[in-house]
Amino acid sequence: MLGLAAIGLVIAASVAIGVWGVRAARSTPDFLVASRSIVPGWNALAIAGEYVSAASVLGLAGLLVKNGVGAMWYAVGFTAGYVLVAALVAGPMRRSGAYTVPDFAEYRLGSPRIRRMCGLVVLVIMLLYLLPQFKAAGVVLELVSGIPYWIGVIGAGLVVSSTIAVGGMRSATYVQAFHYLVKLAFIAGPAVFLVVLAGAGRREAALHPVAADPDWTRPLLDLDGSGHPLLATVSVLVATTLGAMGLPHVVMRFHTVAGARAARRVAVSVIVLLSVFYLFPVVYGLLGRVVTPDPEETDVVPVLVPGAIAPGVLGAVLTALVAAGAFAAFLSTSSGLLLALAGGLSHDLFGGSLSRLRLGVAVGTALAVALSLPAAGVDINVLVGWAFAVAASTFCPLLTLGIWWRGLTETGAAVGLLVGAGSSTGAALASVVLDLEPGVLSILLSQPALWTVPLAFLAMAGASRFGTVPDWAGEAVLRLHVPGRYSTGDTGAIPRARRD
Amino acid sequence: MNQRTRVTSPQTRLAQRRGSDAMGRLSHLAGRPPVPSSAIDLAAAERALRRQRRLAVRTAAGLLLALAALLAAAVLTPGRLGWAVLFFAPYPVLLALAAAHVRRAERIEDGHAAAPEDAA
């Protein structure tokens, strides 16, 4: 019950900050995109807040207990993606003035057809990413309060969609920033306590797993037990690193900083914030291996560990804190995802007015809730890994080629997106349906990024040859890289001095 | 801060800011650059793009090398020292890569804004 109360407090605080944020918005001339005037520090916090999802807060530690220390390669990939975001995407995206990936596609290629294709891809990525978030909410609520999984998932859906309705996009920056701090405090604080409370014996056991399985102690990741851990690790790294670059809701956030330079710097700050956070899943994972060696549901390991180490009131308090941190992760990520999904539904696919955004949120939530009911048994990180693999195989090539190569054409983008989306989702589906023997083939299907990303790049670049490069394409690319008055993204009511 | 501000809904401001049509699309962008070509020093812009691209390729290659080296180090370092490599070593490396890129990219932009010269 304490856990439920802590979760309730996080929800109440989020709504309060959301409402306050809306009020701040009314008094500031340029808020919505606005947040342009927001200090880059807040933006970095908000991006990290949205990005550190249930996969990081819950999934990593669970996977570490189940599959071994190699699980932390996920965290390395999640962070490494921001090196590419800073180097390839952030600045030019900001200058394009495009708000979403489909917007960018239209800017760069001038094609409503590609825009709609991108809208569909956004839908797929966002749904794949939303499922594990709702699963996390369901299992955590079930654990702390005994509410059945399906009621928890539906309740979580109601909470998220109503917080969006109250706060909306306008206050998202502050709410997300708050959530990063909640996650860090509620995961890091208890972690320090737990390391102390665990005692010398259990600390020793955590660091020296007696007679542990060599597969578990080896710093490589082999989810299926395929016997090819290096291949599996590399494929996960490719998916997470390149996927981070193509995540629609992350790209969207760079629109809210003052200029291209600030956008790049924000990406660097995000690396710092992620690095700090990713020290703690290790603590829960290693301790979890000792105190909850064989949990029924690995994704709730961080919530189980405090109770196993510190019984009584202290244990209950720490459990409540961790549960609230996990719920904050669910809340921030899923509201960011739902906004991107609703934007995709209402704006990019159906060309509807912005007032359809709320309907989009409701539809998106209903879809995610319905799909996450049967997904209860799938590991959070597996599902998130698929979302990254699809993003890496579609938007990563589209943005990279679109930003840096003027030869990209409408034909190339269309073929590349079809090939990338088709191969990555097809492989993931096949891995579920076929139930193959563990081996090279099972890795290539369940973690397809290793081959689908190069394939998508090749298809996009190759098929571009069959289209015609419009005469304005060269300039559309140049404007992404030239600071100051040439770039459309920096026009508008922003004073000169604040641009680049 | 005594200046009066016109109050419009965020959506209206967004639409105005983006110069969108009624559907909120960026229609003016597609194929119709608002800045005529003659307004841009095309040669200088071209040089800036080339230098930025070279830098981007270098950073991406650096990231590939760094991840490969980290993977090798984690696997080859025996015992729990290998864990430590995986748990702690990647983040400072990634941060250094990104920070170095941003510094260089900004230097290219400054060079471009002041006096475009093709040093490299």
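**Helix packing and buried residues**

Analyst: Happy to. In this predicted model, the axes of helix α10 (residues 229-245) of chain A and helix α20 (residues 449-464) of chain A come within 8 Å and cross at roughly 50 degrees.

User: Why are α10(A) and α20(A) called oblique to each other?

Analyst: Their axes cross at roughly 50 degrees. Angles under 35 degrees count as roughly parallel and those from 65 to 115 as roughly perpendicular, so α10(A) and α20(A) are oblique to each other.

User: Which residues of α10(A) and α20(A) meet?

Analyst: On the α10(A) side they are Val234(A), Ser235(A), Val238(A), Ala239(A) and Leu242(A), and they meet Ala449(A), Leu450(A) and Val453(A) of α20(A). Sorted by class, this contact has 7 nonpolar residues, 1 polar residue and no charged ones.

User: How do you know whether Cys396(A) is buried or exposed?

Analyst: Count its neighbours: Cys396(A) has 30 C-beta neighbours inside 10 Å. The cut-off for buried is 20 or more, so Cys396(A) counts as buried. Cys396(A) sits in helix α17 (residues 380-404) of chain A. Beyond four places in sequence, its contacts include Leu242(A) and Val453(A), two residues that also take part where α10(A) meets α20(A).

User: What makes up the largest nonpolar core?

Analyst: That core has 212 residues, and Met72(A), Val140(A), Ala323(A), Ala326(A) and Phe327(A) are those with the most contacts inside it. Taking Ala326(A) and setting aside residues up to four places away in sequence, the residues it touches include Ala54(A), Val57(A), Leu58(A) and Val140(A).

Definitions and conventions:
Residues numbered from 1 in each chain as written. Chains lettered and ligands numbered in written order. Predicted model: local features only at pLDDT ≥ 70, side-chain atom pairs only at ≥ 80, totals over all residues. Core = buried A, V, L, I, M, F, W, Y, C linked by C-beta atoms within 7 Å. Buried ≥ 20, exposed ≤ 12 C-beta atoms within 10 Å, placed from the backbone. Contact = placed C-beta atoms within 7 Å. Axes fitted to C-alpha atoms, helices over the stretch in contact; angles between N-to-C directions. Helix = DSSP H or I, 4+ residues; strand = E, 2+ residues; numbered from the N terminus. Parallel < 35°, antiparallel > 145°, perpendicular 65-115°, else oblique. Nonpolar A, V, L, I, M, F, W, Y, C, P; charged D, E, K, R; others polar.
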